[in-house]
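Trainee: Hi, could we go through this one together?
Mentor: Happy to, let's have a look.
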Amino acid sequence: MGRPDLKRRQLLGGLGGLLVAGSFGFAALGTGADALASDAHTRVRYWNLFSGGDGANMIAMLDAFRRANPDIAVKDSTLQWGNPFYTKLAMAAAGNRAPELGVMHLGRVPGFAPGRLLDPWDTGLLAKYGVREADFNPALWKRAVVDGRLYALPLDIHVQLCFYRRDVLKKAGLLGADGRMVPVTSTDEWFDVLQEARKATAKGLQTIGFWHNDQNFQWWFFVAFYTQLGGTWFDATRTEVTFDTGKAVQVLEFLRRHITDGYADPGFGGGAGAEQFLNGSPFVWEGNWSVPVFSGAKLDYGATPLPPVFGRPATHAESHAFVLPHRSGRGGAPNEAAHRLAAYVVRHARQWAAGGHIPAYTPTLSTPAYRALNPQSEYVSAMDHQASEPKVWFAGSTGILAQRVGPVVVSATTGPASPETAARRMRSALTELLATANPMDGRTAAQGGAAA
């Protein structure tokens with residue numbers, strides 16, 4: 001997304017300290033030369049939320065586009081990650097001051113009042129520049145469609161993974177002949193693996209780090225394992241909550257056991273899991289954006305989707321996707337240039353994959369260059385087993401659903417609440433949110449806020 005660092009995580013619950021783009025009269029980070037200072041005939045303003053390694057990779061792809069398309073000036077601006085970004089994007093779209101192109105997490109698209117704050121993509125123009133529906137995972141493409149029209153063009157999926165250290169697992173006898181972690185298909189097998197790994201773990205290190213006190217990560221893990229159990233959220237009309245508290249209890253008990261059985265140390269903060277992994281801890285559950293960190297440390301490690309402990313493969317997945325913020329009179333050369341830019345980046349996402357993300361453009365996945373990437377090629381199967389949040393206006397990365405339900409999951413994982421109590425609270429929160437109107441358009445989910 002990329003990975004939220006400490007300062008970015010502090011933004012999840014609030015909207016303070018915003019950075020805004022040039023159209024608001026304030027400074028924003030950017031690298032593209034303004035069209036007025038170039039020989040280009042068309043300008044595309046592009047807002048994104050990528051910093052760190054993701055930001056560097058995006059800039060490299062934009063620079064490649066500029067070299068290949070000197071007739072288009074790209075003015076890119078990086079805004080603060082999380083809710084501040086979405087607040088500014090909504091304000092710009094509502095005030096007709098939006099950029100030609102933007103990026104969003106796909107799960108947030110239904111809440112952005114498609115048709116009012118977002119304009120649909122012209123699939124004919126996308127096809128002109130080499131991007132077609134057939135080039136994408138069907139489930140991913142379907143998530144980008146609202147009311148029969150495409151409102152997001154997926155760039156990637158980013159997933160939660162089980163990272164493991166080969167040196168420790170080899171010592172514990174937990175590597176297969178292929179050098180990868182032995183397969184796990186049940187909760188009993190998973191805790192057997194943890195037990196053996198603990199025996200081979202150096203003193204002072206926990207067996208696994210899994211962000212036990214972070215509301216976002218715990219929510220993402222819950223979504224993954226609840227999906228493995230075949231759990232549902234709402235009926236097809238989004239008028240009734242179908243959340244299964246029995247299945248929820250199974251998941252919450254599973255997460256909690258990592259603490260109660262001593263595999264994760266409650267005394268460590270969430271981010272300590274990655275640090276301990278660098279120091280020799282055998283496992284950490286992290287987002288794929290940690291790949292550059294672990295690879296840069298020269299670790300001998302692997303990464304798989306979260307273990308299918310409930311029998312059905314599923315790992316939490318979100319997606320960065322290009323969007324067209326609403327502009328009155330959208331069209332003409334700037335709009336076509338926005339389509340051209342987005343299609344180019346989607347089709348040339350090999351460098352983006354180096355940051356750990358799985359490219360959404362499926363032809364990339366079969367190339368020798370992508371298959372040579374490790375551990376990316378080990379977890380690419382996650383594309384076919386995505387566990388995503390429900391398609392409702394209040395879902396999506398750092399959205400209202402995560403803010404409401406994530407702390408409840410944490411309360412069960414770390415102990416203050418029983419899994420049974422937490423499951424009931426989760427269902428109650430879902431019921432309340434389903435009846436709540438989207439402040440963007442005044443409609444509840446049942447009134448069309450996320451009709452696919």
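Trainee: Which residues have the most contacts inside the largest nonpolar core?
Mentor: Leu-101, Leu-153 and Phe-322 do, in a core of 82 residues. A nonpolar core here is a set of buried Ala, Val, Leu, Ile, Met, Phe, Trp, Tyr and Cys residues joined through side-chain atoms within 4.5 Å. Buried means under 20% relative accessible area, exposed over 50%, and partly exposed in between (1.4 Å probe, protein chains only). Keep in mind that this is a predicted model, where local features need pLDDT of at least 70, side-chain atom pairs count only at pLDDT 80 or more, and totals for chains, interfaces and linings use all residues. Residues are numbered from 1 along each chain as its sequence is written, and side-chain values use heavy atoms, with hydrogens and water left out.
Trainee: Which helix gives the largest share of this core?
Mentor: Helix α12, residues 332–347, with 8 residues. Helices are DSSP runs (H or I, at least four residues) and strands are too (E, at least two), numbered from the N terminus.
Trainee: Switching topic, how many salt bridges are there?
Mentor: A search of the whole structure finds 15. Each is a side-chain nitrogen of Lys or Arg within 4 Å of a carboxyl oxygen of Asp or Glu. One of them joins Asp-119 and Arg-330, with the closest N and O atoms 2.9 Å apart.
Trainee: Where do Asp-119 and Arg-330 lie?
Mentor: Asp-119 is in strand β5 (residues 118–119) and Arg-330 in the loop between β14 (320–325) and α12, so the pair ties together parts 211 residues apart in sequence.
Trainee: Is Asp-119 buried or exposed?
Mentor: Buried, with a relative accessible area of 9%.
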